[in-house]
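Please load the model in your viewer and keep the selection tool handy. We will go from stop to stop, picking a few residues each time.

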Amino acid sequence: MGVTDGSDTSAPFTPICPECTFRQDRHETAGHQYILLELGYELPAHDLPADQLWVVRADGKAVNLAGLDSPEGARYRIPHRLICPCGEPPPDNMPALKALWDYNSGLAACFHPPAAEAG
Ligand SMILES: [Zn+2]
């Protein structure tokens, strides 16, 4: 429903988030795009959006396994944009992501201005 798979052709060439400047893991996807994955964290499927089940294969390519059966105990990488402190906070029904976003927000010097009023 209007949610992309998180890959992006315009990702930077360095593995640094252009918004919060945090170092990330940058991986090519099967579609020859690139995605920034959060360093050091993996979550079980139930803590992630159903369409964001990323793994990094042995060849270094990031693959989104959304729509496939999730094996017992499987853990997945987290697309950085879901918890970038310069982006929107995750929804309340994603408490693990929200906690990581909160943690990142404490580390980044992002300024969160109130939404600009139109007009
Ligand atoms: Zn970021």
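Here is a short tour of strands, turns and a core.

Before you start, note that residues are numbered from 1 along each chain as its sequence is written. This is a predicted model, so local features need pLDDT of at least 70 and side-chain atom pairs count only at pLDDT 80 or more, while totals for chains, interfaces and linings use all residues.

**Stop 1: the segment before β1**

Select Thr-21, which lies in the segment before β1 (25-28). Strands here are DSSP runs of E with at least two residues, helices are runs of H or I with at least four, and both are numbered from the N terminus. Thr-21 has a phi near 65°, a positive value in a residue other than glycine. Thr-21 counts as exposed because it has 11 C-beta neighbours inside 10 Å. The cut-offs are 20 or more other C-beta atoms within 10 Å for buried, 12 or fewer for exposed, and partly exposed in between, with C-beta atoms placed from the backbone.

**Stop 2: the β1-β2 hairpin**

Now move on to β1 and β2, which form a hairpin with five residues between them. The two strands run antiparallel and are joined by four bridges; strands pair if DSSP finds at least two bridges between them. Pick Glu-28 and you will find its bridge partner, Tyr-34, in β2. Then click on His-32 in the turn, where phi is positive at about 60°. His-32 is exposed, with 9 other C-beta atoms within 10 Å.

**Stop 3: across to β5**

What joins β2 to β5? Four bridges do, and these strands run antiparallel. Select Glu-42 to see it opposite Arg-77 in β5. Four of the five residues of β5 are buried, so this strand is largely enclosed by the rest of the structure.

**Stop 4: the largest nonpolar core**

Finish inside. A nonpolar core is a set of buried Ala, Val, Leu, Ile, Met, Phe, Trp, Tyr and Cys residues joined through C-beta atoms within 7 Å. The largest one has 16 residues, of which Leu-37, Trp-54, Ile-83 and Leu-97 touch the most other members. At least two core residues come from each of β2 (34-44), β5 (75-79), α1 (80-83) and α2 (95-107). β2 gives the most, with three.

Last, centre on Leu-37 and show its contacts (C-beta atoms, placed from the backbone, within 7 Å). Leaving aside residues up to four places away in sequence, Leu-37 touches several residues, among them Gln-24, His-27, Trp-54, Ala-62 and Ile-78.

Definitions and conventions. Two residues are in contact if their C-beta atoms, placed from the backbone, lie within 7 Å.
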